[in-house]
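I opened this entry to keep track of what I looked up. I went from the whole chain down to single residues.

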Amino acid sequence: MNSVEKDVFSVDLGRVRDDSVSKLVDGVVHQLEMTIAVGLLAGGERLPTEAELAGKLQVSTVTLRQALTVLSDRGLIETRPGRGGRSYVPRLGTPAPGRA
C-alpha cells in the first residue's frame with residue numbers, strides 16, 4: 001500500500017460525520033432562528049410536528065431534535081413534553097422554563 005492509500009484510510013470518519021452533523025444542526029438552528037426573528041413564527045405559535053418540520057427542512061428527526069434542543073437552551077422555543085406536547089415560540093415577556 002502506498003502512502004496516498006494509507007492517508008485515505010487514516011481519515012477519522014467519526015470526526016467527519018460529527019462535523020457534518022454539527023454543521024447541519026447549526027444550519028437548521030439558523031434557519032429556525034431567522035424564521036422566528038422575522039415573525040414567520042409568532043409568540044405563542046406552535047411549531048409543526050417534528051416529522052412535518054424535519055420533512056420541510058429535509059433533515060432527519062434526530063437532527064431536528066438536536067436543533068430544537070439548542071433553540072430551547074437559548075430560550076427561543078419552549079418544548080412541552082408528553083403525548084400532546086410540541087414546541088412553541090414563547091410569547092413576548094414570558095420566559096422559557098428555567099429562565100425566570
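My notes follow, topic by topic.

**Confidence**

I am working with a predicted model. I checked pLDDT before anything else. The chain averages 77, and 72% of the residues score at least 70. I then asked which element has the lowest mean pLDDT and which the highest. Helix α1, residues 3-9, has the lowest, at 45. Helix α4 has the highest, at 93.

I looked at the two ends next. Over residues 1-13, pLDDT stays under 50, and the model has 3 contacts there beyond four places in sequence. Over residues 96-100 it also stays under 50, with 8 such contacts. Where pLDDT is low, predicted coordinates should not be read in detail. I took my residue notes from elsewhere in the chain.

**Layout**

I counted 4 helices and 2 strands. From the N terminus, the order is α-α-α-α-β-β. Of the 100 residues, 24% count as buried. The accessible surface comes to about 7,000 Å², and carbon and sulfur atoms hold 54% of that.

I also checked contact range. Among contacts with a separation of 6 or more, 58% are between residues 24 or more positions apart.

**The core**

Which residues touch the most other members of the largest nonpolar core? I found V28, L32, L47, L57, L64 and L68, out of 17 residues in that core. I traced the core back to elements. Those giving two or more residues are α2 (13-37), α3 (50-57) and α4 (61-73). Helix α2 gives the most, with 5 residues.

Beyond four places in sequence, L57 touches V28, Q31, L32 and L64. Of these partners, V28, L32 and L64 are also on the list of core residues that touch the most other members.

**Helix α3 and its two sides**

I listed the buried residues of α3: L53, A54 and L57. They lie on the same side of the helix, because they cover an arc of only 100 degrees around the axis. On the other side, I noted that A51 and K56 are exposed.

I stopped at A54. This residue sits in α3. Its relative accessible area is 3%, so I logged A54 as buried. Skipping residues up to four places away, I found that A54 touches V59, S60, T61 and L64. I checked the L64 pair by distance. A54 and L64 are 10 residues apart in sequence, and their C-alpha atoms are 6.0 Å apart.

Q58 belongs to the loop between α3 and α4. Is Q58 buried or exposed? Its relative accessible area is 73%, so I put Q58 down as exposed.

**E33 and L76**

I went back to α2 for E33. Its side chain makes a polar contact of 2.4 Å with that of R74. Leaving aside neighbours within four places, E33 is in contact with L71, R74 and L76.

That took me to L76. I placed L76 in the loop between α4 and β1.

L76 and G43 are 33 residues apart in sequence and 9.7 Å apart in space, C-alpha to C-alpha.

**Strand β1**

My last stop was E78, in strand β1, residues 78-79. Is E78 buried or exposed? I logged E78 as buried, because its relative accessibility is 13%, and the cut-off is under 20%. I then looked for a side-chain partner of E78. A polar contact of 3.0 Å joins the side chains of E78 and R80.

Terms used. Residues numbered from 1 in each chain as written. Predicted model: local features only at pLDDT ≥ 70, side-chain atom pairs only at ≥ 80, totals over all residues. Heavy atoms only, no water. Buried < 20%, exposed > 50% of the residue type's maximum accessible area, 1.4 Å probe, protein only. Polar contact = N/O pair within 3.5 Å; in protein donor to acceptor, adjacent residues only side chain to side chain. Contact = heavy atoms within 4.5 Å. Areas by Shrake-Rupley, 256 points an atom, 1.4 Å probe, with all protein chains shown as cover. Core = buried A, V, L, I, M, F, W, Y, C linked by side-chain atoms within 4.5 Å. Arc of directions from axis to C-beta. pLDDT = per-residue confidence, 0-100.
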